[in-house]
Amino acid sequence: MAQELPPIINYGPNEYGAGNQNWMIARGDNKYFYFANSTGLLEYNGEKWNLYSVPNKTIVRSVKVIKDRIYTGAYMEAGYWERNEFGKLVYTSLVPDFQGTINDGEQFWQIETLNGVVIFRSFSGIYFYDPQEETLRKMDNPSGKPISGILKFENQIYFQLVEEGLFQLKNGKPELVIPQSQLNQMAIMHLFRRDGRLGFVSGNSEFYMWDGKNLEQIYKNITTKIKNPNILAGVNLPGGGMVLGTVGQGIYQIDDEGKIVNSFSQENILLNNTVLDLYRDESGNIWAGLDYGISMIELNSRFLTFQDNKGKIGSVYSSFETNGDLYLGTNQGLYLKRKNENDFQLVEGTNGQVWNIQEVDGKLYCGHNNGTFLIENGKAIKLSDRLGTWLVKEYNGDSFVQGHYNGLSFLKDKNTGITDIPMLEKFPHSSKYIEIEPDGSLWVSNEHKGVFHMKIDDSLRRIKEVDDYKFQEESGITSSIFKFNDTLYYSSKENIYQYNPGTNKFTPNNRINKLVCGIDRVSGRMLVKGENRLWGFANEGIFYIGLEQLTGNYQLNYIYVDQAFRNIANGYENISQLNDSEYLLGIANGYLRFSNTQSTEQKHEIKINEINVSALDSVSKPVAVNQEGSFHYKTNNINFQFSTPVYEKFQDVAYSYRLLGLSSVWSGWDHTSTASFKNLPFGDYNFEVKAKVGNQITPVASYSFQVNRPFYLSNLAIAIYISVFILFAILVHLLYKRRHKKLVEENERELKLKNLEAEKEIVKLRNEKLEQDMTNKNRELAVSTMSLIKKNEFLTSIKDRLKNKDESPEIRSVIKTIDKDINEEDNWKFFKKAFSNADKDFFKKIKSLHPDLTSNDLKLCAYLRLNLSSKELAPLLNISVKSVEIKRYRLRKKMNLDREVNLTDYILEI
């Protein structure tokens, strides 16, 4: 139960999604594994399982990969699988090539290959298929006895005929190797060679050597020890060992001296104890096809694991090995496994949480939840009964300092024994990490308070001086202090600070912090172990920093053990050095023992396995993987499945990808082996993906594809759009030109109208001005006319008064002068000039209408134009009112006016 085993991975039916039984195992050149499963051919690429059923839906009993073909045998069925352009396997049956030689109910239990020929084996016969010639023939079997098995050994084919013996195929013909008289009823299950002799393992776990004449049984101790279980499978190991699969007892590893090295069973690790087939891959891993599931054993791993699946010892928090005795400090107590014992035993009195087990000054101390224990000869002696001891360190020659949950205390080693000194006063802080300077001062770290530097008085009970160093910007949870290369450091989860005595400060500017700044550490815990190696703990593994001897530079080395497997509480990670090259790592349910020798790195490749595309809310369809894709613009959802075949337990694969054309930025490293892109716009794309295994990054795998433009954005459509646009532009241009012309014409028309309106306005203004002028002139004319009238009336009145007096010569002279003035032609000329200025075209118009009018008639018309009454006209004409009426009458006659027409109105309307 305390067996340290190589790492083992189990795959159950629920995980791989197929039947329970796995009858045979094969591996392809692409590092994919194939299993003859009870429900079909099962394929595993390191990331995904695929199941393929044979046409008649029967159990697949055998499988063999030969070049690019996977050959399978089943009930009444044999054939091969090839990968199509979509990355899926397609089956071709060879049953028609058997030409009726298959017996009813025949099953093909084994497939082998030799010199390019595929060999199928059933109980009824052996069949040879030539892939080049595509021919199939059956081996002659005159005895007709069943063939119990074929075995390929040293590049030769052996087979056993029931009740006939062991035969070897030579030149296509059977040649007897061991006669039935020697074998009796033994079934040969595995062949091996020792000291140049042929050996075999029988079906009931017996080992025999054949010298050409007689059989010699060897390794009888093994047969006795394992009590003759049935053997169904075996593989030989380099160096002479072998691995055997049994019915009911699991797997045994046997060395070249006939000793059982390891046993793997359902009690400690396997899913099932019945092993149907074994296969050894190029990495030395052993794959086991079980009656229930599949198991893979890393025989060549640098790791040995002890897994406490039943919870007997618990999680390991500390470990120490001395003289072959291994101590484990766990959450359940301190356990010891003696060098020659096979199980761990609890050290009496140590029940409960153990934090530390360490050797100090030649003595073994145990830091426990209940105090401090001294361990001697596998027994625990309690030294300190204080609450919780984290660790014990040598302080000076005869004193030891203890870090407790609630402070510090000292132990004094006297001749009479070890004495526990009372607690250090005025320091109630948890003291998980302690470092001691040559001057006796102590450095103590506390997750909440920071780092204390203190000097202790000689009584070891009081503090003389103390300094407190705070790290305000950092969380102190899981922090630690340590000395490495004679330098003090403080480590948080985020940074590592170096103490500078010159400035009395901690600074993150140091070589170690630069070295680990890119590491995803799970805690701030750092441990110095062994040859001045500084160990740390990250999500993807553990690492150590060492000093290069020649350059003096720090060197970082990784050991990949994923945190998901370690799973110890953060801040309590632990590792111990067992010897020069071996370390022990405590984990949540046991421990890992590993060697520090560098293992040979394998070259890994990444492959895109499947590509599926779909339109929105439709079923996806596969596309060819090895040729560029061209997809309809609605089929713009694409999914990639890729893998890097890595099967080691403690190594996980991380992937990073990008889609050029969408983004040139690589995604973060992730363990998901698929990538999906939704609603891609049309364009050219190149999908690139790479894998990281440990610190190795694979070459990039890529796939180019195009999402076509929709028809309305195709080149033809764009050409049509351009043509339509040009025509539209021309049409718009013509319409614009026409419109422009129309607008110009309208503008011209409007301009003309505006000009006309302006001209009209001008004419109007002019007319208004003329009217105003005419009005003014008419007013002047009226004024002047009235003045003449008044003057003439005045003169006439004077003349009339003078006539009533005596007519003296002087009076007659005055009357004559008055008449002359009244009839003065100059008055008329003045009036006519003024009248013409006011109404210049009147005389022309009335003359044109009435050419017979005389100058006196025109004078009368002019006066009537002024709308003067007969009474007002009389003075102007120097005649009586009656005479005026006579003149008016005569004028009407000349104008031929009707009686109804008013003379004055007529003249005014001209």
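Glu43 is buried, with a relative accessible area of 2%; buried means under 20% relative accessible area, exposed over 50%, and partly exposed in between (1.4 Å probe, protein chains only). This is a predicted model, in which local features need pLDDT of at least 70 and side-chain atom pairs count only at pLDDT 80 or more, while totals for chains, interfaces and linings use all residues. Residues are numbered from 1 along each chain as its sequence is written, and side-chain values use heavy atoms, with hydrogens and water left out.

Glu43 belongs to strand β4 (residues 40-44). Helices (H or I, at least four residues) and strands (E, at least two) are DSSP runs, numbered from the N terminus. The side chain of Glu43 makes a polar contact with the side chain of Arg83 at 2.6 Å. A polar contact is a pair of N or O atoms within 3.5 Å; within protein, one must be able to donate a hydrogen and the other to accept it, and residues adjacent in sequence count only if both atoms are side-chain atoms. Leaving aside neighbours within four places in sequence, Glu43 has contacts (heavy atoms within 4.5 Å) with residues including Tyr32, Trp49, Arg83 and Leu89.

The largest nonpolar core has 26 residues. Such a core is a set of buried Ala, Val, Leu, Ile, Met, Phe, Trp, Tyr and Cys residues joined through side-chain atoms within 4.5 Å.

| Strand | Residues |
|---|---|
| β57 | 607-614 |
| β60 | 637-643 |
| β61 | 653-660 |
| β62 | 674-677 |
| β63 | 683-693 |
| β65 | 701-707 |

Strand β63 gives the most to this core, with five residues. Apart from this core lies another, of 23 residues, among them Ile846, Leu853, Cys861 and Leu868.

Ile846 is also one of the buried residues of helix α9 (residues 842-849), together with Phe842 and Phe843. Seen down the axis of α9, the buried residues fall within an arc of 90°, so they line one face of the helix; the arc is that of the directions from the helix axis to the C-beta atoms. Lys844 and Ser848, on the other side of α9, are exposed.

In strand β18 (residues 188-194), five of the seven residues are buried. Strand β19 (residues 197-202) runs antiparallel to β18, and six bridges join them; two strands pair if DSSP finds at least two bridges between them. Arg193 has Leu198 in β19 as its bridge partner. The two strands form a hairpin with two residues between them, and Asp195 in the turn has a positive phi of about 50°.
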